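I opened the model to look up a few things and write them down. The entries follow in the order I took them.

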Amino acid sequence: MPIDISAGARRCPEALVFPTSDENTYVFPLSSSSLLKVHKGSITKWSVDGRSDAIVNSTNELMIADGGADLAIHRAAGPKLRDACYDIPEIQPGVRCSTGQARITPGFRLPASRVIHTVGPIYFYDNNPQASLRNAYRNSLKLAKANKIRYIAFPAVCCGAYGYPLEEAATVAISTVKEFADDFKEVHFVLLLDDVYNVWLRKIWEKLLPVAENRCCGLL
């Protein structure tokens with residue numbers, strides 16, 4: 001269930017972190033009305049209400065599952081997800097969703113109601129991988145907002161076979177999510193691997209909490 005943000009968080013000089021009973025979940029204020037949550041676990045099991053929630057799938061331009069979390073999401077959703085992806089028309093031969101863009105389908109057997117499919121950059125082949133990754137996050141969030149999604153969960157887009165360095169990827173992800181701080185009730189990162197989870201937590205402490213602490217203490 002969503003946490004009631006009106007209950008408040010721990011105050012300065014401690015970081016603004018909401019308490020949680022799950023040692024693998026951290027909850028941070030994203031704005032006065034929105035939370036950022038970081039979980040360690042499988043995104044295929046994530047859901048908030050099954051009606052206004054969506055998970056993001058890091059896929060390829062043809063939207064054919066070929067491994068990693070993409071394949072796990074398709075297996076959990078069942079064959080109707082594959083069919084829904086195939087029904088999305090190609091915008092050019094071999095491309096249903098170009099790098100940096102996003103498409104949406106139902107979640108089918110997944111607990112989340114929707115899947116937002118996005119294509120991030122192949123790090124060593126993209127001329128501007130940071131811009132492409134930012135676009136993948138930004139367009140996923142725009143698409144979610146347009147479809148009245150209130151709760152959205154991201155994996156670490158492009159940090160597997162596409163080779164995006166974790167530190168830079170986390171910085172891009174967190175800074176882009178901050179642009180949409182007032183547009184969602186909750187934004188989640190659901191991260192399966194310990195090293196990815198730890199990098200994301202560290203970057204949130206570095207990039208997000210100093211602003212919140214200063215605002216709390218009247219410094220901003």
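This is a predicted model: local features need pLDDT of at least 70, side-chain atom pairs count only at pLDDT 80 or more; totals for chains, interfaces and linings use all residues.

Residues are numbered from 1 along each chain as its sequence is written, and side-chain values use heavy atoms, with hydrogens and water left out.

**Entry: Lys203 and α5**

I looked up Lys203 and found it buried, since its relative accessible area is 11%. Lys203 sits in helix α5, residues 194-207; helices (H or I, at least four residues) and strands (E, at least two) are DSSP runs, numbered from the N terminus. I then checked the span of α5: its 14 residues reach 20 Å from first C-alpha to last, close to the 20 Å expected at 1.5 Å a residue. The expected span is 1.5 Å times one less than the number of residues. Other buried residues I listed in α5 include Val196, Tyr197, Trp200 and Ile204.

For contacts I took heavy atoms within 4.5 Å. Leaving out neighbours within four places in sequence, Lys203 touches Glu167, Ala170, Thr171, Ile174 and Leu208.

**Entry: salt bridges**

I counted a salt bridge where a side-chain nitrogen of Lys or Arg is within 4 Å of a carboxyl oxygen of Asp or Glu. The count by this rule is 8.

Which residue does Lys40 pair with? I found Asp194, with the closest N and O atoms 3.0 Å apart. Lys40 is in strand β2 (residues 34-40) and Asp194 in helix α5, so this pair ties together parts 154 residues apart in sequence. Lys40 is partly exposed at 32% relative accessibility, and Asp194 is partly exposed at 44%.

Glu167 bridges to Arg202, with the closest N and O atoms 2.1 Å apart. That pair links distant parts of the chain, Glu167 being in helix α4 (residues 166-178) and Arg202 in helix α5, 35 residues apart. I have Glu167 as partly exposed at 34% and Arg202 as partly exposed at 37%.

Glu167 also meets Lys203 in a salt bridge, at 3.3 Å from N to O. Here too α4 and α5 are involved, so the pair ties together parts 36 residues apart in sequence. I recorded Glu167, Arg202, Lys203 and Glu206 as linked in a network of salt bridges.

**Entry: helix α1**

In α1 (residues 68-77) I found Asp70, Ile73, His74 and Ala77 buried. Seen down the axis, these buried residues fall within an arc of 95°, so they line one face of the helix; the arc is that of the directions from the helix axis to the C-beta atoms. On the other side of α1, Gly68 and Arg75 are exposed. The buried residues pack against β3 (53-58) and α2. Gly78 follows α1 and has a positive phi, near 90°.

**Entry: Gln101**

I placed Gln101 in the loop between α2 (79-87) and β4 (102-106). Gln101 is partly exposed, at 33% relative accessibility. Not counting residues up to four places away in sequence, Gln101 touches His117, Thr118, Val119 and Asn139. From Gln101 to Asn135 I noted 6.8 Å, C-alpha to C-alpha, at 34 residues apart in sequence.

Conventions: Buried means under 20% relative accessible area, exposed over 50%, partly exposed in between (1.4 Å probe, protein chains only).
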